[in-house]
Amino acid sequence: MAHKHITITPNPGGFGASIIGANLARPLTRDIVAEIKDAWHAHGVVFFPDQDLTPSGLEGFTEAMGDYGLTEFIVPMDGHPNILELRREPEETASHFGGGWHTDYTFQEKPPAATILYGHIVPPVGGDTLFADGRAAYLALSDKMKTFLEDLRGIHSAVLPYSKEGFYGNENDPTRSLKIVPSDSAKDERTHPIIRTHPGTGEKILWINRVYTIGIDGLNAEEGKALLDFLCAFSTKDEFVYRHKWQKNMLTMWDNRRVQHFADAGFDGHRRVMWRTTTAGTIPV
Ligand code: SIN
């Protein structure tokens with residue numbers, strides 16, 4: 001697609017791209033929305049520096065990208081049920097949120113298509129987000145492994161982080177700003193294909209993640225663990241990863257159908273406040 005309204009600068013290698021030329025605080029024309037979605041499909045992660053957004057402005061941009069995704073286990077921002085404020089205060093001792101490789105909410109029947117994250121307060125050091133490209137990882141697998149994985153389904157669940165016995169359920173640190181609500185419903189399981197076909201591009205994606213994929217349907221626990229350990233390590237090798245550096249007022253939108261992400265630490269002693277929305281996805285096939 002020719003991009004007449006926005007300027008796209010891809011990262012080296014083409015995974016991730018910056019976009020300038022659109023003011024996201026204002027209503028976007030249909031043409032600009034189409035160009036942004038095209039760039040998002042092409043690059044997996046797109047980021048827009050220097051966007052002065054309020055929570056309502058973030059909602060306006062999200063609604064231009066799609067219907068809202070379903071948010072679970074975390075109390076949303078007051079008065080904005082579709083926004084999570086990922087806040088960490090300078091004195092917090094609780095672990096920073098999102099510090100494990102994952103794709104958002106893959107335990108849902110229709111996991112979100114986009115996650116949109118806005119840098120409201122960005123620390124002067126640390127707090128990068130790492131992204132791993134599941135398309136490049138798929139392409140790098142051998143033909144025999146691609147064939148072996150083709151019919152396999154991963155078992156996905158929120159049990160590890162969000163059950164009452166899970167990571168946050170067991171946490172006892174009153175300094176955490178984010179209000180997390182562990183629940184028995186986190187133990188629900190569903191399966192999704194390990195190799196999914198991207199609904200926008202038709203490309204195949206290696207689609208598992210360390211936080212929410214807990215086994216492989218039809219394999220015993222030992223086999224499933226060994227294969228998942230390999231796939232999770234393989235899919236997040238340095239060659240598939242780029243490190244995203246935040247700036248204040250930067251909005252970043254990534255494609256959960258293609259990308260895993262990891263919130264890096266290194267900002268203890270500083271405030272970091274990010275506003276997050278998601279858009280609705282489809283049943284992975
Ligand atoms: C997340 O995992 O959704 C948060 C990513 C980040 O804060 O960098």
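1. Strands here are DSSP runs (E, at least two residues), numbered from the N terminus, and two of them pair if DSSP finds at least two bridges between them. Within this pairing, T129 stands opposite H244 of strand 12.

2. A word on the basis of these values: this is a predicted model, in which local features need pLDDT of at least 70 and side-chain atom pairs count only at pLDDT 80 or more, while totals for chains, interfaces and linings use all residues. Residues are numbered from 1 along each chain as its sequence is written, and side-chain values use heavy atoms, with hydrogens and water left out.

3. Now to D255, which lies in strand 13 (residues 251–255). D255 is buried, with a relative accessible area of 0%; buried means under 20% relative accessible area, with a 1.4 Å probe and protein chains only.

4. The side chain of D255 makes a polar contact of 2.6 Å with that of H198, and one of 2.6 Å with that of R257. A polar contact is a pair of N or O atoms within 3.5 Å; within protein, one must be able to donate a hydrogen and the other to accept it, and residues adjacent in sequence count only if both atoms are side-chain atoms.

5. Setting aside neighbours within four places in sequence, D255 is in contact (heavy atoms within 4.5 Å) with W40, H41, G44, A113 and H198.

Methods
Helix = DSSP H or I, 4+ residues; strand = E, 2+ residues; numbered from the N terminus. Buried < 20%, exposed > 50% of the residue type's maximum accessible area, 1.4 Å probe, protein only.
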